[in-house]
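I opened the model to look at helices, their packing and a few loop residues. My entries follow the order in which I looked.

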Amino acid sequence: MTTPEAPHPHQAAGRANALTDVPGLRVGHAARTGEGWLTGTTVVLAPEGGATAAVDVRGGGPGTRETDALDPRNLVRRVEAIVLTGGSAYGLDAASGVMAWLEEQGRGVQVGPDPAQVVPVVPAACVFDLGRGGDFRARPTAETGRAAVADAAAREAGHAVAEGGVGAGTGAVVGQFKGGVGTASTVLDSGVTVAALVVANAAGSGVDARTGVLYGQVFLDGTVDVPAAEVHEEARRRLAEAAERNGGPPLNTTLAVVATDAELTKAQAQKLAGTSHDGMARAVRPVHLLHDGDTVFALATGARPLDAHPLALNEILAAGADLVTRAIVRALLAAESVETPGGTFPAYRDLYQK
């Protein structure tokens, strides 16, 4: 389910208002629910030949794979896919399925004289959702990753992206609210497209406990609707009941992929990943603590040259942060309430937008 909103002044949202507005990018989801399951995987598939990639990890307890390869000092320049997955560190197995699929397509770093001799570099990061469906051992596998990348590959260019409790956001929770996947895009005055996709899953809250207002709501259309006092009090009561049943605050990690069609160096992409964390901090409080794994990947497809002015990158950096905020809010608004043997996870819209 998507949530429409007006673009920032002087910036038009892309056609799908999604990560897929960056030409060449596709997004696929795979998930399993019921019978103890509430988890999944999301894959961002780059165009053939890959995209310049970087990462910035701010949380103190990340679960990642192949992120060192993205250091600007290291060899790998472009990657074919990014994996976001549930299942905590166990769920990183999903990247193996994506790697196998890419090898079958002959996509990756060529390491021998035969074009089929490739090693796909597949950076991945995970969120904690263990046990939320009721079974602690229910977590994504290599097969889940393969299903997600196949889903991405089957999509048309510029496709709409499902949001809410899908893919890696299937078991996501933000504070006491159901979290999930959210995405947003913008086309800058320069013609450059910038977009973000998040998996919102945080111990911190996305909602002001005093008012019931989403912290990042103003970034959607510049307005804030304050819930009526009686609606807020009823929501607080239901959230307290859910917290008592769930047995304490959730474990966490918010992930994001921020992408652009601008031509960026690896160092510039790393700067984009870093400043995009500001968008996370606007929408969730607190973030980046020792038990967070908050991670932002950046992708640049290079279809549009970046202006030679030394400050030309600034508008992309600012947009990346804004879009991460918008994507987190969209994830919270798209999520649907879930009740499983593992817990009760009310959705914001069910409490505040009846």
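**Ground rules**

I am working on a predicted model, so I took local features only at pLDDT of at least 70 and side-chain atom pairs only at pLDDT 80 or more, while totals for chains, interfaces and linings use all residues. Residues are numbered from 1 along each chain as its sequence is written, and side-chain values use heavy atoms, with hydrogens and water left out.

I took helices (H or I, at least four residues) and strands (E, at least two) as DSSP runs, numbered from the N terminus.

**Entry 1: helix α4**

I began with α4, residues 229–246. Its 18 residues should span 26 Å at 1.5 Å a residue, and the end C-alpha atoms are 25 Å apart, which agrees. The expected span is 1.5 Å times one less than the number of residues.

Which residues of α4 are buried? I found H232, A235, L239 and A242. They share one side of α4, because their arc around the axis is only 85°. I took the arc from the directions that run from the helix axis to the C-beta atoms. Buried means under 20% relative accessible area, exposed over 50%, and partly exposed in between (1.4 Å probe, protein chains only).

An α-helix has 3.6 residues a turn, so residues three or four places apart point the same way.

I then turned to the face directed away from the buried side of α4. The exposed residues there are A229, E230 and E244. The cover over the buried residues of α4 includes β11 (177–178), β17 (343–345) and α7 (348–352). That cover is counted by contact, meaning heavy atoms within 4.5 Å. Just after α4, I noted G247 with a positive phi of about 80°.

Next I checked α2. Its twelve residues reach 17 Å from first C-alpha to last, close to the 16 Å expected at 1.5 Å a residue. The buried residues of α2 are T144, G145, A148, V149 and A152. Seen down the axis, they fall within an arc of 130°, so they line one face of α2. Among the elements covering them are β1 (26–34), β2 (37–45) and α1.

Two packed helices are described by the angle between their axes and the distance between the axes. I read α1 (residues 94–104) against α2 (residues 142–153): the angle is about 50° and the axes are 6 Å apart. That makes α1 oblique to α2. The axes are lines fitted to C-alpha atoms, for helices over the stretch in contact, and the angles run from 0 to 180 degrees between N-to-C directions. Under 35 degrees counts as roughly parallel, over 145 as roughly antiparallel, 65 to 115 as roughly perpendicular, and the rest as oblique.

The crossing of α1 past α2 is right-handed. From α1, the contact residues include G97, A100 and W101; from α2, they include G145, R146 and V149. A crossing is right-handed if the near helix is turned clockwise from the far one by less than a right angle, and left-handed if anticlockwise.

**Entry 2: helices α5 and α6**

What angle separates α5 (residues 266–283) from α6 (residues 314–334)? I got about 40°, with the axes 7 Å apart. That makes α5 oblique to α6. The crossing of α5 past α6 is right-handed. Residues of α5 in the contact include L272, T275 and M280, and those of α6 include L317, G320 and V324.

**Entry 3: the loop between α5 and β15**

P286 sits in the loop between α5 and β15 (295–304). The R285 to P286 peptide bond is cis, with omega near -10°. H288 lies in the loop between α5 and β15 as well. It is not a glycine, yet its phi is positive, at about 60°. H288 is partly exposed at 24% relative accessible area.

S88 is in the loop between β6 (81–85) and α1. Its phi is positive, near 50°, and S88 is not a glycine. Relative accessibility is 18%, so S88 counts as buried.

G171 is in the loop between α2 and β10 (173–174). It counts as buried at 2% relative accessibility. Its C-alpha lies 8.9 Å from that of V338, 167 residues apart along the chain.

L19 lies in the segment before β1. Buried or exposed? L19 is buried, at 0% relative accessible area. Leaving aside neighbours within four places in sequence, the contacts of L19 include V27, V44, L197 and V257.
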